[in-house]
Each structure stands twice: as structure tokens, then as C-alpha cells.
Amino acid sequence: MEGKIKLTQNEVQHFVAMAARCDFDIDISYNSYTVDAKSFLGVYGLDFSQILTVRYDGYNADFEELLKNYAVAC
């Protein structure tokens, strides 16, 4: 699955904590730069002025709700 989100620096800790609760891999990227969404330092190092792409291959209702909150229209 894939989603487009926008994060601020203040939202990173909550996003990573929610991603860490999932039992599947989650990647977050922009352009050709990809990091593990469960890594605080990796996600915090992203450019928050960019629209970020989240890719994952599992389902977690709480994580889906989180993505809806951060979703951007494309």
C-alpha cells in the first residue's frame, strides 16, 4: 500500500511511535531518499517541506487512521 503525507518536525515522534507498533515494514521516502519509518533519526532527517510517500505491506487500523490525519491531496 502507498500513501502521500506531510509531516512537521513536531509530528515525527508520534508518527514513528505509531509505525513502531506495526508488525510489518514501513518505508517513508521522497525523491530517491528512503528511510525506515520506525527510525526516529531517519524520519527526522527528512525534508519536511516535501510531500512524503509511505509504503507498507500490512494493515493496522490505528496506523491507517494516522495516515488519514497526515494525508495530502494529490
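Buried means under 20% relative accessible area, exposed means over 50%, and partly exposed lies in between, with a 1.4 Å probe and protein chains only.

**Entry 1: the model**

I am reading a predicted model, in which local features need pLDDT of at least 70, side-chain atom pairs count only at pLDDT 80 or more, and totals for chains, interfaces and linings use all residues. Residues are numbered from 1 along each chain as its sequence is written, and side-chain values use heavy atoms, with hydrogens and water left out.

I looked up the confidence, given as pLDDT, the predictor's own score for each residue from 0 to 100. The chain has a mean pLDDT of 96, and 99% of its residues reach 70 or more. Confidence is lowest in strand β1 (residues 2-5), at a mean of 96, and highest in strand β4 (residues 52-56), at 98. I took helices (H or I, at least four residues) and strands (E, at least two) as DSSP runs, numbered from the N terminus.

**Entry 2: helix α3**

I asked which residues of α3 are buried. They are Phe-63, Glu-64, Leu-66, Leu-67 and Tyr-70. These residues cover an arc of only 160° around the axis, which puts them on the same side of α3. The arc is that of the directions from the helix axis to the C-beta atoms. On the other side of α3, I found Asp-62, Lys-68 and Asn-69 exposed. The cover over the buried residues of α3 includes β1, α1, β2 and β4. I count a contact when heavy atoms lie within 4.5 Å.

**Entry 3: the sheet**

I traced four strands that form an open sheet in the order β1-β4-β2-β3, with antiparallel pairing. The edge strands are β1 and β3, since each pairs on one side only. Neighbouring strands of this sheet are turned by 25° against each other on average, direction ignored. For such angles, axes are lines fitted to C-alpha atoms, for helices over the stretch in contact, and the angles run from 0 to 180 degrees between N-to-C directions. Helix α3 packs on the sheet and touches β1, β2 and β4; its direction makes about 165° with that of β4.

I then went through the pairs, where two strands pair if DSSP finds at least two bridges between them. Strands β1 and β4 pair in the antiparallel sense over four bridges, and Gly-3 has Val-54 in β4 as its bridge partner. Strands β2 and β4 run antiparallel and are joined by four bridges; here Asp-27 stands opposite Arg-55 in β4. Four bridges also join β2 to β3, again antiparallel, and Ile-28 stands opposite Val-35 in β3.

In helix α1 (residues 12-20), I list Val-12, Phe-15, Val-16, Met-18 and Ala-19 as buried. Seen down the axis of α1, these buried residues fall within an arc of 165°, so they line one face of the helix. Their cover includes β1, β2 (26-30), α2, β4 and α3 (61-70).

How many residues does the largest nonpolar core have? It has 24, and those with the most contacts inside it are Ile-5, Leu-7, Phe-15, Ile-26, Ile-28, Val-54 and Phe-63. Such a core is a set of buried Ala, Val, Leu, Ile, Met, Phe, Trp, Tyr and Cys residues joined through side-chain atoms within 4.5 Å. Elements α1, β2, β4 and α3 each supply at least two residues of this core. Helix α1 gives the most, with five residues.

Leaving aside neighbours within four places in sequence, its contacts include Gly-3, Ile-5, Phe-15, Ile-26, Ile-28, Phe-63 and Leu-67. Strand β4 is mostly covered, with four of its five residues buried.

**Entry 4: two single residues**

Is Ala-37 buried or exposed? Ala-37 is buried, with a relative accessible area of 0%. Its place is in the loop between β3 (33-36) and α2 (40-44). Ala-37 and Ile-26 are eleven residues apart in sequence and 5.4 Å apart in space, C-alpha to C-alpha. Leaving aside neighbours within four places in sequence, Ala-37 is in contact with Phe-15, Val-16, Ala-19, Ile-26, Asp-27, Ile-28 and Val-43.

Phe-40 is in helix α2 and counts as partly exposed, at 38% relative accessibility. Not counting residues up to four places away in sequence, Phe-40 touches Val-12, Gln-13 and Val-16. I also noted that Phe-40 and Met-18 are 22 residues apart in sequence and 11 Å apart in space, C-alpha to C-alpha.
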